[in-house]
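Please have a look at it first.

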Amino acid sequence: MASSSSYASATAAGKSEFRRQKRKPENQDESELLTVPDGWKEPTFSKEDNPRGLLEESSFATLFPKYREAYLKECWPLVQKALNEHHINATLDLIEGSMTVCTTKKTFDPYIIVRARDLIKLLARSVSFEQAVRILQDDAACDIIKIGSLVRNKERFVKRRQRLIGPKGSTLKALELLTNCYIMVQGNTVSAIGPFSGLKEVRKVVLDTMKNIHPIYNIKTLMIKRELAKDSELRSQSWERFLPQFKHKNVNKRKEPKKKTVKKEYTPFPPPQPESQIDKELASGEYFLKANQKKRQKMEAIKVKQAEALSKRQEERNKAFVPPKEKPVVKPKEASTETKIDVASIKEKVKKAKVKKLGALTADELKLKMEADEKKKKRKK
């Protein structure tokens, strides 16, 4: 009995201590608990954390396209060297066109095989070795976004993919600077390497671009978020009031018909019954006429129509013989007596102009030239 009472008192004391310990964090600010301190890094996984190694061997393989064969053959020694540091074996099969990575007995990090798998996947998706080897670091991650099945039309898909790259790669470069990620657009996939927060933004921008939302809108939002993150007071507040709200303008390109049918207002009453031929004849009085009288009326109606048609045809023919309207003749204005033209002076001016154009000499110039020629001949004699 004594032992049971002592055990109960010990458990009660233990519970009270646990409650005290539990109440302590309530005094701390929630924002401090949610935010990661600046400069904090997760400690690296060393051999001391897992001295016994792994129980079983695990391996991953991936295929690569034919155009990557030459590059992979060239850089494969560097890939093997980088993976051997983490005790991972890598093999390149050029016959099958595949790359394989597997663990060894010395491998101590259980997650390094997943990073090695991502490395060979990135190499197969045309990412250079210098960028792909970053995936082996603890603070880096990768995301391979498949965009081939998002757009059915091939031409539209190529246009949207080019929109993501931008003129001379400017849009992609801006996205890389804002997200701190390396982005590679190749074929039907987009490969990205960087921190988790940046990869999340990259995926959103890529998917929105393939949904016909221009990447410039997302880039503008990311720029505003980057400036807001610098302010310590706004970290725990909502940023919706600062972010721009873009409206979607879905323009319907469907061709509208020329003749639009206007719906009539609904009425519970049925439409009036149309008049029959007998009713029309009764109303006009034709019903009571004899057969020969009806025939005469029809013939008269036909003759009237024929006469109208003949008159119209005659009018059209006569149009060709109708003379066009002539413009009114403008009478020349009489020369005023005040301004008299000197005909002699005008003739002299015309003569001078002709002489200048032809390059001929005047009468005085000719006489002088003749005298000069005669003097020269006399001197020679």
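Predicted model: local features only at pLDDT ≥ 70, side-chain atom pairs only at ≥ 80, totals over all residues.

Let me start with helix α3, residues 69–84, and helix α4, residues 112–124, which pack at an angle of about 165° with their axes 12 Å apart. Axes here are lines fitted to C-alpha atoms, for helices over the stretch in contact, and angles run from 0 to 180 degrees between N-to-C directions. Helices (H or I, at least four residues) and strands (E, at least two) are DSSP runs, numbered from the N terminus.

Residues are numbered from 1 along each chain as its sequence is written, and side-chain values use heavy atoms, with hydrogens and water left out.

Given that angle, α3 and α4 are therefore roughly antiparallel to each other, a label for angles over 145 degrees, whereas under 35 counts as roughly parallel, 65 to 115 as roughly perpendicular and the rest as oblique. On the α3 side, Leu-72, Val-79 and Leu-83 meet Ala-116, Leu-119 and Leu-123 in α4, where contact means heavy atoms within 4.5 Å. By class, this contact of α3 with α4 has six nonpolar, no polar and no charged residues; Ala, Val, Leu, Ile, Met, Phe, Trp, Tyr, Cys and Pro count as nonpolar, Asp, Glu, Lys and Arg as charged, and the others, Gly among them, as polar.

Leaving aside its neighbours within four places in sequence, Val-79 is in contact with Leu-119, Leu-123 and Phe-129. The C-alpha atoms of Val-79 and Ala-132, which lie 53 residues apart along the chain, are separated by 9.7 Å.

A second pair is helix α7, residues 170–179, and helix α9, residues 215–229, packing at an angle of about 25° with axes 10 Å apart. That makes α7 roughly parallel to α9.

Finally, stepping back, the protein chain has 13 helices and six strands, and buried residues make up 22% of its 381 residues.

Methods: Buried < 20%, exposed > 50% of the residue type's maximum accessible area, 1.4 Å probe, protein only.
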